[in-house]
Amino acid sequence: MRVLLIGANGFIGRFVADRLLADPAVQLTALGRGDDADVRFDLATGSPGALTRFLDAVHPGVVVNCAGATRGGARELTRHNTVAVATVCEALRRSGCGARLVQVGCGSEYGPSQPGSSTAEDAVPRPGGPYGVSKLAATELVLGSGLDAVVLRVFSPAGPGTPAGSPLGRLAEAMRRAMQSGDGELKLGGLGVQRDFIDVRDVARAVHAASLSAAQGVINIGSGRAVRLRDAAAVLARVAGYGGALHELDTPPGPLRSAIGHPRAEADHAAPVAYPYPDGCGSWQQADVRTARDRLGWRPRINLEESLADIWMEAACRI
């Protein structure tokens with residue numbers, strides 16, 4: 001099976017590439033903007049016709065799209081998350097390859113949910129920010145394309161390679177600095193937020209399973225369990241061996257800066273910290289993952305403690 005992977009250099013894409021390369025039945029071709037891609041192509045600016053010619057030449061059986069942007073203004077997010085997917089769909093419609101499309105979506109497409117609830121695929125999406133809107137628009141393009149396609153709505157990915165600027169990455173960096181300076185107190189904000197964390201390696205397994213399946217539509221990929229960020233911070237402190245006290249700052253409403261933590265020495269000069277998840281999903285998000293189990297034969301395997309241990313290992317090695 002020849003697979004064309006788009007976005008192989010991203011957080012999720014790197015692990016998807018590793019997973020697919022480990023399958024001896026897969027012939028992998030990577031398409032992206034970087035110099036190390038097999039084929040250089042920018043979905044946000046490239047034409048569907050050019051991509052169609054490449055698809056006809058390579059003739060993949062599956063196209064996996066892990067590309068996209070998580071930061072930036074509405075225009076940039078729309079270009080990289082929506083226009084790019086429109087290009088992929090149009091190129092696949094024009095091509096004679098008949099490839100299956102596996103699109104990596106996100107839990108932010110759902111927006112806020114009721115605390116204590118599990119969000120299933122039939123929930124009405126109400127994204128609370130431009131990122132979720134841009135990803136939902138991409139999902140609608142895929143579902144309306146008429147292609148053999150599935151969208152995996154990935155909730156909060158974690159584990160090795162977690163970006164340093166992400167909430168869990170910032171949490172680990174704040175803890176590293178506190179330990180480096182010998183600070184016995186770490187003040188953190190926004191720890192009441194609860195999210196469904198899923199290890200990126202489990203996400204890669206789900207993408208692999210979706211590539212081999214006939215499942216279509218939307219499928220949630222998460223752990224099925226919401227975890228309060230303060231509990232994640234406590235686990236991270238344990239795996240890091242941080243013996244100091246964790247103090248939570250009050251987080252008043254309003255557009256405050258999004259840093260997650262400050263060592264004690266900086267606390268007197270730091271503004272209160274905003275919610276560390278500017279994903280428009282409010283205080284709670286938890287996935288209903290029964291569809292992934294039933295249609296993909298997939299279940300998460302890696303627990304949050306292992307994911308956090310890997311995040312800490314990378315943070316501790318950072319100079």
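Predicted model: local features only at pLDDT ≥ 70, side-chain atom pairs only at ≥ 80, totals over all residues.
Modeller: Local features need pLDDT of at least 70, side-chain atom pairs count only at pLDDT 80 or more, and totals for chains, interfaces and linings use all residues. Residues are numbered from 1 along each chain as its sequence is written, and side-chain values use heavy atoms, with hydrogens and water left out.

Biologist: What makes C97 too far for a bond?

Modeller: A disulfide is a pair of cysteine sulfur atoms within 2.5 Å. The closest cysteine sulfur to that of C97 is in C89, 12 Å away, so the distance is too far for a bond. The structure holds zero disulfides. C66 is in none either; its nearest cysteine sulfur, that of C106, is 13 Å away.

Biologist: Why is C66 called buried?

Modeller: Buried means under 20% relative accessible area, exposed over 50%, partly exposed in between (1.4 Å probe, protein chains only). C66 has 14%, so C66 is buried. C97 has 11% and is buried as well.

Biologist: Why is α7 called oblique to α10?

Modeller: Helices (H or I, at least four residues) and strands (E, at least two) are DSSP runs, numbered from the N terminus. Axes are lines fitted to C-alpha atoms, for helices over the stretch in contact, and angles run from 0 to 180 degrees between N-to-C directions. The axes of α7 (residues 229–240) and α10 (residues 304–316) come within 9 Å and cross at roughly 60°. That makes α7 oblique to α10: angles under 35 degrees count as roughly parallel, over 145 as roughly antiparallel, 65 to 115 as roughly perpendicular and the rest as oblique.

Biologist: Which residues make the contact?

Modeller: Contact means heavy atoms within 4.5 Å. From α7 come A232, V235, L236, R238, V239 and A240; from α10, L304, E305, L308, A309 and W312.

Biologist: How do you know that α2 and α3 are oblique?

Modeller: The axes of α2 (residues 48–58) and α3 (residues 74–94) come within 8 Å and cross at roughly 50°. The helices are therefore oblique to each other. P48, G49, L51, T52 and L55 of α2 meet T87, V88, E90, A91, L92 and R94 of α3.

Biologist: What makes G105 buried?

Modeller: G105 has a relative accessible area of 6%, so G105 is buried. Its place is in strand β5 (residues 100–106). Not counting residues up to four places away in sequence, G105 touches K135, V151, L152, R153 and V154. G105 and D183 are 78 residues apart in sequence and 40 Å apart in space, C-alpha to C-alpha.
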